[in-house]
Structures are given as structure tokens and as C-alpha cells.
Amino acid sequence: MSEDDERQQSPPSDLEFVSNKARNCNATGSGSGHPEFQSAYPDQVLENVLENVLHFLTSKRDRNAASLVCKSWYRVEALTRSELFIGNCYAVSPARATARFTRVRALQLKGKPRFADFNLMPPDWGAHFNPWALAMAKAYPWLEKVHLKRMTVTDDDLATLAELLLGFKELVLVCCDGFGTSGLAIFVNKCRQLKVLDLIESEVSDDETDWISCFPEGESQLESLIFDCVECHINFEALERLVANSPSLKKLRLNRYVSIGQLYRLMIRAPQLTHLGTGSFSPSEIAGQGDQEPDYVNAFAACKSLVCLSGFREIIPDYLPAIYPVCANLTSLNFSYANITAEQLKPIISKCHKLQVFWVLDSICDEGLQAVAATCKELRELRVFPVDPREDGDGPVSEVGLQAISEGCRKLQSILYFCQRMTNAAVIAMSKNCPDLVVFRLCIMGRHRADPVTGEPMDDGFGAIVMNCKKLTRLAVSGLLTDKAFDYIGQHGKLVRTLSVAFAGDSDMGLKYVLEGCPQLQKLEIRDSPFGDAALRSGLHHYYNMRFLWMSSCRLTPNGCQEIARAMPRLVVEVIRSADEEEMDDAVEILYMYRSLEGPRTDLPKFVTIL
Amino acid sequence: MTFEKDINIDATELRLGLPGTSEESERQASTTLRISNKRALPSVADEKQCDQETAPPTKAQVVGWPPIRSYRKNNLQTKKTEVETSGMYVKVSMDGAPYLRKVDLKIYKGYPEVLKALEDMFKFKVGKYSEREGYNGSEFVPTYEDKDGDWMLVGDVPWEMFVNSCKRLRIMKGSEARGLGCVV
């Protein structure tokens with residue numbers, strides 16, 4: 001599960017002015033990686049030693065720091081960096097990246113801003129993988145891994161990866177789109193060394209191609225196959241053969257077109273699985289009522305290594321007891337597509353003593369959360385999604401559930417909680433009970449909703465979170481919030497790197513507090529809040545340290561944004577309109593700005609203007 | 001069924017066609033009209049629905065809020081709509097009424113709701129229900145045909161069991177109703 005995983009961030013490789021200058025002055029460049037014999041002998045030894053030592057440096061932060069020491073270190077670090085992470089695909093061009101880093105084996109790229117997930121931006125904004133695919137194929141023929149998030153990938157791109165990269169092993173696409181089953185077919189067919197194919201929350205178009213049958217015959221090295229987001233029927237017999245031929249398969253996540261009967265057949269062939277996505281978890285319509293039901297309990301009992309369970313896409317709760325044998329070992333359970341009640345949850349959750357990650361629907365109500373709190377003492381991450389994602393829908397979970405979790409799950413590090421009502425008291429309680437919180441995302445679905453008990457804004461609750469949770473790096477706020485909430489965040493949220501704001505604040509001061517007070521801020525996304533040009537100006541000192549700033553439906557004007565663009569030449573300032581709107585002179589609908597070494601991108605759609 | 005005898009009664013209040021038009025088309029036309037009127041006020045006591053028709057613009061859903069990915073929304077919604085379209089529609093007849101109605105049992109949470117709906121639909125009142133005596137105080141008695149083809153009194157079995165076994169509803173009137181053991 002990698003929906004918005006929290007990642008260790010620091011000034012990543014997409015922007016380093018010092019290094020850039022160093023590179024330009026360095027005439028020899030790094031070529032194919034051979035040692036430079038024009039250096040004097042002692043320098044050569046040093047470089048070789050350095051190269052060997054730097055191979056052990058894996059953290060991005062450490063590598064970035066190392067590259068800044070001096071030219072020599074810069075050069076060697078570039079030679080030895082095998083995993084390249086680029087947090088914004090537009091911050092640096094493929095050419096620049098491949099020129100600096102010549103021995104890359106794994107590439108990780110992120111594209112669209114997160115708010116694009118919620119239809120706030122017209123489609124076809126950009127983040128095309130294509131130029132990267134072509135550049136990689138040329139510069140890194142030995143490339144093994146590609147990990148993309150929120151990028152547009154075409155069938156041709158998949159073909160490029162498969163055909164030109166001979167040893168390609170691992171493809172992970174998270175929240176991507178632009179490709180279909182025919183692209184997958186070519187990809188799986190040509191990638192003979194494929195170990196990992198993970199399609200997570202991506203949009204895959206149904207070209208009616210039977211891609212599962214396109215895996216090569218014979219024994220496969222497949223270790224992970226995740227396709228739960230692929231919304232089309234698959235050839236089950238071919239899948240069964242594939243699983244039977246994949247002795248190393250550890251992770252398998254099926255889509256909802258796989259019935260529970262079919263799941264059974266796969267499970268008995270792959271008892272070594274550690275991660276399982278169950279597919280629909282209901283019988284297919286074809287199965288007659290008189291048919292003998294397989295022994296599902298036995299199938300689960302045989303999977304002694306199973307630690308991560310998900311799926312349940314069209315669950316028939318009667319089948320839930322089948323998973324009892326694995327509950328005691330589970331560290332991760334994803335019920336977020338299973339509309340089950342507290343009563344249906346209790347017998348399961350009461351066995352899940354080792355559970356660390358739990359995703360669930362609010363159909364379990366506060367009562368269900370109380371059951372979680374009673375058993376899951378090791379819980380690190382909780383996500384509660386709404387069955388009814390409307391502003392004025394029913395609210396089965398509330399402050400009661402949050403309070404219970406805070407009291408029962410003291411080791412909690414990350415929470416995402418959708419609800420219709422929340423009190424400051426419960427949030428304050430959580431801030432005190434769960435000091436290890438790193439990620440706190442609360443979504444009170446009714447906009448501008450105050451504390452229903454006191455009638456007060458939610459300022460104090462969020463204030464307590466930033467004050468008491470000293471490790472907090474990611475925060476999402478909601479409910480009725482005044483500038484005071486942002487004052488708290490600016491004063492106490494010293495480690496906050498990602499902040500999401502919606503329908504909050506009173507004036508420019510709100511944004512100012514944050515931009516002036518949070519030195520670690522890297523990703524700021526704001527919508528529908530009364531922040532204007534003056535507030536924007538207050539962040540000039542900081543924008544080069546940030547990955548991006550998103551502001552939509554705020555109070556920005558083109559002049560205000562233009563001012564920023566003029567003051568900061570290495571910032572790309574995009575003004576985005578809804579596709580059907582004409583240019584509006586006096587209001588900026590969406591501002592998306594990010595640091596970049598490349599200047600304005602060349603693949604702009606019509607609805608984007610770069611200032 | 002007894003109501004078939006009533007087809008030719010002129011006292012049908014919903015005659016829309018000119019005299020001389022066929023009963024069939026009249027019935028269809030008036031049924032359509034009634035349905036469109038009725039659907040605006042579903043029997044599930046629902047002020048929300050009324051609100052939706054006269055609601056100020058702020059009630060409309062805001063784009064991208066709450067922040068749930070469409071993938072997730074669609075996954076839950078496909079299940080919802082699948083349930084909605086399948087529904088559990090059963091025919092309802094009332095003695096003396098010229099044509100049948102249909103109700104979706106799935107949208108009700110219990111007996112009081114569905115009985116109220118029927119009362120509104122056919123403009124009558126049920127009596128008070130007791131386990132021993134059935135419905136007391138009204139000449140109308142709600143009954144249903146179950147899976148085995150037997151006519152049962154509405155309310156005797158648990159709600160879930162009723163929903164799963166009810167094939168059609170009939171609101172009996174007068175003397176026939178007495179046969180099911182109720183006291184008028």
C-alpha cells in the first residue's frame with residue numbers, strides 16, 4: 001500500500017546550484033565512469049577509495065551532502081549513485097540527469113501535484129514519462145527499476161522499457177494513467193527478467209487484450225504481481241499457470257474480477273505468499289448454490305508467511321471467518337473497500353495483535369474503532385475512509401473513535417481520518433497520547449465545521465498536535481480554522497514538510513505564519529482559502545527550498561504571481577485555468593509553482609500559462 | 001384478486017383521458033403521472049430530498065471535496081449503484097384500488113417505515129399491531145405472499161426475514177382481512 005507514503009525528504013537532487021556550477025566548470029565530465037588518468041597519482045588513489053566508500057552511501061540526503069563537498073566528491077558521487085530520485089519531473093530534464101549520473105540502475109520519478117487526484121486540475125496537464133523513457137533507454141541500457149508516481153505513461157513507453165532495457169526487473173506505477181492492457185501485454189511479454197510489476201491505484205484502459213497470457217511460458221522470476229486496480233476481466237487459467245510457474249512469488253494482489261473460488265485455486269499454488277490481495281472475496285455468479293465450497297480456511301492456514309492482506313473488493317461477509325488462521329501474524333490489513341459493520345469486524349480484529357497498518361471504511365463506526373483500540377497495541381498507521389464521501393452524509397465515526405484509538409494505540413505514527421464531526425478535546429487527547437505521530441491528516445468533511453460541543457474553531461486541536469507531536473512532518477487540516485491555527489503551525493511545526501490546507505484561515509496572516517515559521521516546509525497545497533498576493537510575497541525567502549506550492553481558488557492575482565516569477569528566475573510559476581474557462585484577467589484560479597533548473601517546460605497544454 | 005372486479009368502476013379519480021379512450025392507456029398515463037409526482041416525495045421520511053429540490057447552491061457538491069480519489073469513490077459507488085438498480089421491488093395491491101404499485105423494500109429500515117409508505121401511497125391507515133391480535137382498529141390489513149406462496153400478516157417475522165421472503169404485498173380490506181385473525 002503506497003497511497004501517499006511518507007518519504008524521507010531533503011533538498012533532493014533536482015536542484016543544487018553549487019553542484020551545477022561545479023559541473024559546468026568540470027570539463028571532463030563523467031563519461032562512462034572510467035577513472036580519470038590525467039589526475040596526479042595520489043588524487044587517483046583518493047578517488048578510487050572515495051568511489052568504493054561512496055558505494056555504501058545509500059540515503060539520498062547523505063549523497064546530496066557528499067556531492068557538495070568539493071568537485072572531486074561531486075564527480076565520484078555522481079558515478080556511484082545507482083538510485084536516482086527526482087521528486088518533480090519538471091525540476092530537471094532527462095538530459096541533465098543522465099549527463100550527471102551515468103550509472104543509474106533505478107529511477108524514481110514523481111509528476112503531477114497531489115491535488116490533481118481530486119479533479120482540481122484539467123487532465124493532460126503534463127508529467128509525461130515519454131522523454132524520460134527515451135532518455136533512459138539510451139543512457140542506461142542496464143536500467144533495472146522504474147518507479148513512477150502520478151505520471152502519464154503510454155503503451156509506447158512500456159514497449160520502450162521492455163524492448164530497450166534488457167535486464168529490466170521492476171516496474172512500479174502508482175496513480176499513473178495513459179496506458180492500457182495492450183501496453184501491459186507487450187511489456188510483460190518482452191521483459192524476460194521481470195521480477196516486479198506493481199500497478200497501484202492507476203488507471204488502466206481496457207483494450208480487451210489478454211495481457212496475463214502474454215507472460216512468457218515456463219518458469220518465471222516473478223516476485224510481485226499487483227494489479228488490483230486493473231478494471232477488466234483477466235484470463236484466469238493463464239494467471240493460474242503463471243502463479244504455478246513462479247516459485248518466488250511473494251506478493252500477489254488480484255483485481256475484483258477474481259472470485260473467491262479462483263482465489264482459492266491460486267492460494268493453494270502459492271502458500272509462500274507474504275502479501276495477498278484477495279480480489280472480490282465473493283463467489284462468481286456462475287457458481288451454483290449446490291457446488292461444494294472449497295475449504296477456504298485451510299487455504300489461508302497454509303499461508304504461514306502471510307503478513308499483509310488486502311482486497312475484499314466485493315466482500316460477502318459470510319466468508320470472513322476464512323481469514324482467521326492468518327490474523328495473528330498480520331502486520332497489515334486493508335479493509336478499505338469492504339463495507340463491513342463493527343460486529344463483522346470484531347471477531348477478526350480481536351485476533352490481530354501484531355497489526356501495524358490498518359486501512360478501513362467508516363462503516364465499522366466508533367464501535368469498530370474501539371475494538372481496534374482494544375487489541376491493536378502495535379498499530380503504527382490507521383486510515384479511516386468514508387463509505388459516503390459527501391459533505392452532509394452520515395457520520396458513523398466521530399471524536400469518540402479518535403479518542404478510543406488515541407488511548408489504545410499509543411505507538412501510532414500516521415493517521416488519516418475522515419469524519420463528519422470532531423472535537424478539539426479528542427484531537428488534543430491524541431496529541432498527548434500519541435507522541436510519536438509523524439503524519440496527522442484529519443478531514444472533517446463538512447467545510448468550516450466548528451467543534452460541535454464547544455462551538456469553537458478547531459484551532460486548539462491542531463495547535464496541540466503541532467505542539468505535542470515533536471516528530472510531526474506531515475499535516476492536513478480541516479474544519480473551521482482561523483489564522484490562529486496557522487500561527488500555531490508556524491510557531492511549533494518546525495519539522496513540518498508537507499502541509500495541506502482547505503477552506504481555512506481568515507487573512508493573509510495565516511499563510512504568512514506558515515511561510516515564515518516552517519523552515520522545513522517543502523510541499524504546500526492550499527485550496528479555497530483567503531490568502532492573497534501579500535501572503536505569497538512572504539515566502540520569497542523560502543520557495544527555492546520547496547518542491548512546490550499549490551494554491552487554488554485563493555485570492556491571488558496575475559500581478560501578484562508575476563511579481564514572484566520576476567523575483568525568482570529559477571521558479572516556474574504556472575497559472576492553470578479550468579479547461580473550459582477563458583483567460584480571466586483578475587483572478588488566478590490555480591497557481592502551481594516549483595523550482596526548476598530548466599525554465600518553462602515545452603509541453604504546455606493550452607490551459608496553462610507560465611509567468 | 002378481488003381488485004380486478006373494480007376495473008370498470010367509473011369512480012376512478014385519476015381518469016385523465018377523454019371519455020372513450022381505452023382503460024389501458026389511461027391507466028398507463030395516470031400511473032406515469034402519479035409516479036412522477038410521487039417520486040418527488042419518497043415515503044422514507046426524508047427532509048433531505050425536499051431540500052435537494054429547493055436547496056441553495058451551497059448544498060451542491062464541491063469539486064474535489066472531500067479529498068477522495070475518484071478511483072476509490074468509483075469503487076464504492078459501483079457497488080452502491082449495483083445495489084440500487086437491483087433493488088427489491090415488490091408489487092403492492094390494495095383491495096379496491098384499480099392498479100398495482102411497486103415498492104423497493106431495500107430502501108426501508110423496518111416495518112414502521114414501509115407501513116407509513118404504504119399508508120401514504122394508498123391513502124389509508126393501518127391499525128395498531130400486536131403479536132396476539134394482528135392489526136387492530138382499521139379495516140385495512142397489510143399482508144404479504146412469502147416464498148412458499150402463503151399469505152402472511154406483515155410484521156410477524158423479523159424484518160430481515162420479511163425482506164428476504166416477501167414476494168408481493170397486498171393490503172386487504174374488510175371481511176377478507178378478518179380471516180387472518182385480526183379484530184376489526
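A: Start with helix α7(A) and helix α8(A). From α7(A) come Asp155(A), Leu158(A), Ala159(A), Leu161(A), Ala162(A) and Glu163(A). They meet Ser182(A), Gly183(A), Leu184(A), Ile186(A), Phe187(A) and Lys190(A) in α8(A). By class, this contact has seven nonpolar, two polar and three charged residues. The model is predicted.

Now the geometry. The axes of α7(A) and α8(A), residues 181-190, come within 8 Å. They cross at roughly 0°. Angles under 35 degrees count as roughly parallel, so α7(A) is roughly parallel to α8(A).

Helix α16 of chain A spans residues 424-433, and helix α17 of chain A spans residues 459-468. Their axes come within 8 Å and cross at roughly 5°. That crossing makes α16(A) roughly parallel to α17(A). On the α16(A) side the contact uses Asn424(A), Val427(A), Ile428(A), Ser431(A) and Lys432(A). The classes here are five nonpolar, four polar and three charged.

Helix α17(A) also packs against helix α18 of chain A, residues 483-492, with axes within 8 Å and a crossing of roughly 5°. Hence α17(A) is roughly parallel to α18(A). In this contact α17(A) supplies Asp459(A), Asp460(A), Gly463(A), Val466(A) and Met467(A). The α18(A) side gives Lys484(A), Ala485(A), Tyr488(A), Ile489(A) and His492(A). Five nonpolar, two polar and three charged residues make up the contact of α17(A) with α18(A).

Arg150(A) forms a salt bridge with Asp117(A), with the closest N and O atoms 2.9 Å apart. Arg150(A) lies in the loop between β3 (145-149) and α7 (155-164) of chain A, and Asp117(A) in the loop between β2 and α6, so the pair ties together parts that are 33 residues apart in sequence. An unreviewed UniProt entry places the feature "domain: Transport inhibitor response" at residues 103-148 of chain A. That span is 22% helix and 20% strand, and its end C-alpha atoms lie 19 Å apart.

The loop between β2 (106-110) and α6 (130-139) of chain A also holds Asp124(A). Asp124(A) is not a glycine, yet its phi is positive, about 60°. Most residues other than glycine have a negative phi.

Asp117(A) leads on to chain B. Asp117(A) forms a salt bridge with Arg69(B), the closest N and O atoms being 2.6 Å apart. Between chain B and chain A the count is three salt bridges. Over all chains, the structure holds 36.

The interface takes 20 residues from chain B and 36 residues from chain A. About 2,700 Å² is buried between the two chains, with 52% given by carbon and sulfur atoms. Within chain B, the residues that lose the most area to chain A are Trp65(B), Arg69(B) and Arg72(B). Together they account for 31% of what that side buries.

Trp65(B) brings one more backbone detail. A cis peptide bond joins Trp65(B) to Pro66(B), with omega about -5°. Pro66(B) sits in the loop between α2 (47-54) and α3 (70-86) of chain B.

Terms used: Residues numbered from 1 in each chain as written. Chains lettered and ligands numbered in written order. Predicted model: local features only at pLDDT ≥ 70, side-chain atom pairs only at ≥ 80, totals over all residues. Heavy atoms only, no water. Axes fitted to C-alpha atoms, helices over the stretch in contact; angles between N-to-C directions. Helix = DSSP H or I, 4+ residues; strand = E, 2+ residues; numbered from the N terminus. Parallel < 35°, antiparallel > 145°, perpendicular 65-115°, else oblique. Contact = heavy atoms within 4.5 Å. Nonpolar A, V, L, I, M, F, W, Y, C, P; charged D, E, K, R; others polar. UniProt positions renumbered as here; feature names shortened; annotations may be inferred. Buried area = accessible area lost by both parts, 1.4 Å probe. Salt bridge = Lys/Arg side-chain N within 4 Å of Asp/Glu carboxyl O.
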